Amino acid sequence: MVRALRRAVPAALAGILLTVLIAVAGSLLGPSWQPRPYEPVPPATADTSVPSSRPLPSVGTYPTTTERAPLELAPGVEVTVRTTAPVGAPGPVPAVVFLHGAGSHTSEGFAEQARDLASAGIVAVVPDKRMDTYSTAHRDYVASAADYHRSIEVAASLPGVDPDRIGIYAESEGAYIAPVLAAEYEEVDFVVLVSAPVVPPRQQAAYAVHTYLGATGVPPALFRLIPRAFGGEFPFGVLGYADFDPQPYQQRLTQPLLVVYGTADNSMPHAQGAAQLIGDAAVAGNQEVTVRFYAGANHGIRHGSITDPLVPGFTEDLSRWINGLPGTAQAEPQVAGDLPNQHIWAEAPPRPIALLSGDLLVVSHVLPPLTLLIGAVLGMVAMVRSARLGRLRREVDVSGKVSSAVGGRRHNRLIPVYLAAAAVLAAATWYVWINYVLDIAGLATTYQQDHAISFGGYEAENQVAGAAAFALGVALFAWYRQVRLGARYGLLARTAAAAVAAGTLGLLLLASYWSGFPTLGWAG
């Protein structure tokens, strides 16, 4: 009994030590996430209405008509443009061209906004977003601005439209395109930015993930995902637009600008965004910026899903601002509505080390499972060869000669079992982790909370990862002790064991890098 304990205790301590070392290494390998706090300035009033010195038509004043027509953007590239116009409005009337965000792309989008604006005497032009040059991997906002410019030309050619009162309405990602369009093309007479990111996509994504995770309720260690996922270069040159900076174009905006946010929008830095747009316009000498925050409104300026109606008063305020120009360009107060709930800066996340960024990120994540697979194959080959020889305690070395254990000591047959257990548990760690992240993403994007998933799933991953690290530590210690006692192993067996151990260790270090297992206070 005492002898068994003498053997078991050092092995267990080795397993615990390796587990702690992997956890600490995972924290130290990458940057931490400690965003600066942001204190929003309260709006002057909760009333979002836009005052005007003259009578203006309200939403619902005129009946509307809708037409669709093709528009060629390039040889072989044609989009549909939907035009909704007021019937009976005294002309000439203003027109608005709509720019899509990431979540919409057809001319059937913005139906509610287009109908309400048209009923207030404003022509609404909604083109399809050009999709042959747009993908998750590659986007060109400057080229997109040129495509949307063709729709501005269409709007200017419509009967009854005042060519000196044509503006653009850009939502979400479209607000990266709108400043380019307004800065480069003089035909743009006013700009409406709704749920505008304002900062480069990398910063906006880091901010959005932070607020979503905070709203969902997750373990603190999970926030380390933000700089490690969004701080580095993306592999193979994809997502190059992540560093597109709209600020140089925003600082060239000379047109009247209306900025709209919903204070329940977790994805956009709305307080910082409004302040930055005011400051950017001032660089161009432009003081004509109006900001409105709508209470409880989400990213689409709605109180619910995309099928729910827009928040009350939004399109009325929007139509009054457009119809009242130039008098409403400096509507008082400049900033009105609900108190923004932004509490951290949307800023560039710190960068990971080179090994975990760009193309090397792929290499570092492919190499461990590949090494583990090679080790497993070599191990099976070694077992088959050993079985053929009929000598369970001998291995074949590289020269084909037979060698045996020194001093008559037997090999510890549990070492392969420990290594196999560690490898299987390491693979299981990644299976649990990936499914956990997907579950958290589902909760975050649907504004739900589930403590059992957020904390229970994370603890499950911790336990599996900890067991894998412990088993690997025991296996490595047992192997070391056998070698110290004089056991000799053939080259094939040594190579197989080393490959399995190295691959397993790599998988666990990566798991620790991303997830922070086990929970030892190394939140990162």
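Guide: Before we begin, a definition: helices (H or I, at least four residues) are DSSP runs, numbered from the N terminus. Please keep in mind as well that this is a predicted model.

Visitor: Which helix gives the largest share of the lining of the largest cavity?

Guide: The largest cavity holds about 100 Å³ of space, and its lining includes Ser144, Asp147, Tyr148 and Ser151. By class, this lining has five nonpolar, three polar and four charged residues. The largest share, four residues, comes from the helix that spans residues 141-157, namely α3.

Visitor: Is Pro70 buried or exposed?

Guide: Pro70 has its place in strand β1, which covers residues 64-74, and it touches Glu78 and Val79 when residues up to four places away in sequence are not counted. A residue is called exposed when its relative accessible area is over 50%. Because the relative accessibility of Pro70 is 59%, this residue counts as exposed.

Visitor: What distance separates the C-alpha atoms of Pro70 and Pro127?

Guide: Along the chain, Pro70 and Pro127 are 57 residues apart, and Pro127 is also one of the residues that line the largest cavity.

Visitor: Which element gives the largest share of the lining of the largest pocket?

Guide: About 1,200 Å³ of space lies in the largest pocket, and among its 39 lining residues the closest to the centre are Gln204, Ala205, Ala208, Val209 and Tyr212. Two or more residues of the lining come from each of α5 (201-216), α6 (225-230) and α11 (414-445). The largest share, eight residues, belongs to α5.

Technical notes
Residues are numbered from 1 along each chain as its sequence is written. This is a predicted model: local features need pLDDT of at least 70, side-chain atom pairs count only at pLDDT 80 or more; totals for chains, interfaces and linings use all residues. Side-chain values use heavy atoms; hydrogens and water are left out. On a 1 Å grid over the protein atoms alone, a cavity is a set of points where a 1.4 Å probe fits but cannot get out, and a pocket is an open set with protein on both sides within 12 Å along at least five of seven lines; lining residues have an atom within 4 Å of a point. Grid points are joined across faces, edges and corners, and a volume is the space filled by probe spheres set on the points. Buried means under 20% relative accessible area, exposed over 50%, partly exposed in between (1.4 Å probe, protein chains only). Contact means heavy atoms within 4.5 Å. Ala, Val, Leu, Ile, Met, Phe, Trp, Tyr, Cys and Pro count as nonpolar, Asp, Glu, Lys and Arg as charged, and the others, Gly among them, as polar.
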